[in-house]
Amino acid sequence: MSSAAISNTARPRRSVLYMPGSKPRALEKARNLSADSLILDLEDAVPPAEKPAARETVALALARGGYGAREIVIRINGLDTDWGSDDLAVAMACHPDAILIPKVETAAQVQDIQARMTAANADPATAIWAMMETPLAMLNAAQIAASTPRLRCLVMGTNDLIKELGARHLPGRAPVATGLGLCLLAARAHGLAIVDGVYNAFKDDEGLRAECQQGLDMGMDGKTLIHPAQIAVANQVFAPTEDEIATAQRQVDAFAAVQAAGQAVAVVDGKIVENLHVETAKALLARADAIAELELGNAA
């Protein structure tokens, strides 16, 4: 069921929706949602008494399949809990696209998961994702990002981070700006994807749009979501616009023309276009193509 045919760097992760692993109806509904990625949650969304049953609910749902090209991620409980080891074993048996580890604070935690997956002969296509949600995680972001090749994505846990900082939820998110920046730097330095934290007011489309735009401007690949009603806004904000696609194509074409003429600089819309701009334009075009491919796969 893995959809790893799309490369990690090009794969769209505009909308990454948490779904409670203990709710069969929610997992059924997820098959028809337009989210790029689904996090089937065994941790925060599941009460302690329901955690063993949630494992089986998730396993049964994934055995049934029907999730199309959506990226499937299972968030387990930490290995320092009563449920983590069993969660990991069941998650590996499900062959998801990734297993999300909560409250990662050191590279050693990721390496431990890697070692357990190797010992269990886990599907090599199953990646590790790391929740970044504590002050220590922010300070160790570079080491965590470099910990193992199986690590593919950092997921910002801004609610927990704000709690740990003793900070407040403010428009513009100044209290967590440093942490977001540190994790972005670490992710990009080591070729990882990174998705932004959740927006709690799921009925506030205007506020969600502003926070998605902030994340996009910072360099985030997408946003984690807590409700299906948030998917459309995240998908729209984190997708290239028609104007952006058209401009990128003109830049690529113009640069190819000047190169053929033995020159190194083009001009598009009154602006200089050099090789670095063309690389950015090609990445945007590739992203637009990947989004179209994903949406086609989900509709099939």
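**Figure 1. Surroundings of Leu38 in the predicted model.** Leaving out residues up to four places away in sequence, Leu38 touches Leu17, Met19, Ala30, Tyr67, Arg70, Glu71, Ile72 and Val73, where contact means heavy atoms within 4.5 Å. Leu38 is also, with Met19, Met132 and Leu154, one of the residues that touch the most other members of the largest nonpolar core, which has 61 residues. Such a core is a set of buried Ala, Val, Leu, Ile, Met, Phe, Trp, Tyr and Cys residues joined through side-chain atoms within 4.5 Å; buried means under 20% relative accessible area, exposed over 50%, and partly exposed in between, with a 1.4 Å probe and protein chains only. The largest contribution to this core, 5 residues, is made by helix H8 (residues 177-189). A second, separate core holds 14 residues, among them Val16, Tyr18, Ala98 and Val195. This is a predicted model in which local features need pLDDT of at least 70 and side-chain atom pairs count only at pLDDT 80 or more, while totals for chains, interfaces and linings use all residues. Residues are numbered from 1 along each chain as its sequence is written, and side-chain values use heavy atoms, with hydrogens and water left out.

**Figure 2. The whole protein, as context for the close-up views.** The protein contains 12 helices and 10 strands; helices (H or I, at least four residues) and strands (E, at least two) are DSSP runs, numbered from the N terminus. Its radius of gyration is 20 Å, which agrees with the value near 19 Å that a compact globule of 300 residues would have; the radius is taken over C-alpha atoms, and the globule rule is 2.2 Å times the number of residues to the power 0.38. The C-alpha trace spans about 65 × 45 × 40 Å along its principal axes, and 50% of the 300 residues count as buried. Of the contacts between residues at least 6 apart in sequence, 70% join residues at least 24 apart. The protein carries 27 positive and 36 negative side chains, and the centres of the two sets lie 3 Å apart; Lys and Arg count as positive and Asp and Glu as negative, with His and the chain ends not counted, and each charge is placed at NZ of Lys, CZ of Arg, CG of Asp or CD of Glu.

**Figure 3. Leu180 in helix H8.** Leu180 lies in helix H8 and, with a relative accessibility of 1%, counts as buried. Apart from neighbours within four places in sequence, Leu180 is in contact with Met156, Thr158, Arg173, Asp196, Met218 and Met220. The C-alpha atoms of Leu180 and Leu60, which are 120 residues apart along the chain, are separated by 36 Å.

**Figure 4. Val155 in strand S6.** Strand S6 (residues 151-156) includes Val155, which counts as buried at 0% relative accessibility. Not counting residues up to four places away in sequence, Val155 touches Tyr18, Leu100, Trp129, Ala130, Met131, Met132, Val195 and Thr224.

**Figure 5. Ala234 in helix H10.** Ala234 is found in helix H10 (residues 231-237) and counts as buried, with 0% relative accessibility. When neighbours within four places in sequence are left aside, Ala234 is in contact with Arg14, Ser15, Cys212 and Leu225. Between Ala234 and Cys212, which are 22 residues apart in sequence, the C-alpha to C-alpha distance is 6.4 Å.

**Figure 6. Lys163 in helix H7.** Lys163 has its place in helix H7 (residues 158-165) and is exposed, with a relative accessible area of 54%. Lys163 and Glu133 are 30 residues apart in sequence, and their C-alpha atoms are 9.4 Å apart in space.

Figure 7. Most residues other than glycine have a negative phi. Lys103, although not a glycine, has a positive phi of about 45°; Lys103 lies in the loop between strand S4 (98-101) and helix H4 (107-119) and is partly exposed, with a relative accessible area of 34%. Asp269, likewise not a glycine, has a positive phi of about 55°. The place of Asp269 is in the loop between strand S9 (266-268) and strand S10 (271-273), and Asp269 is exposed, with a relative accessible area of 53%.
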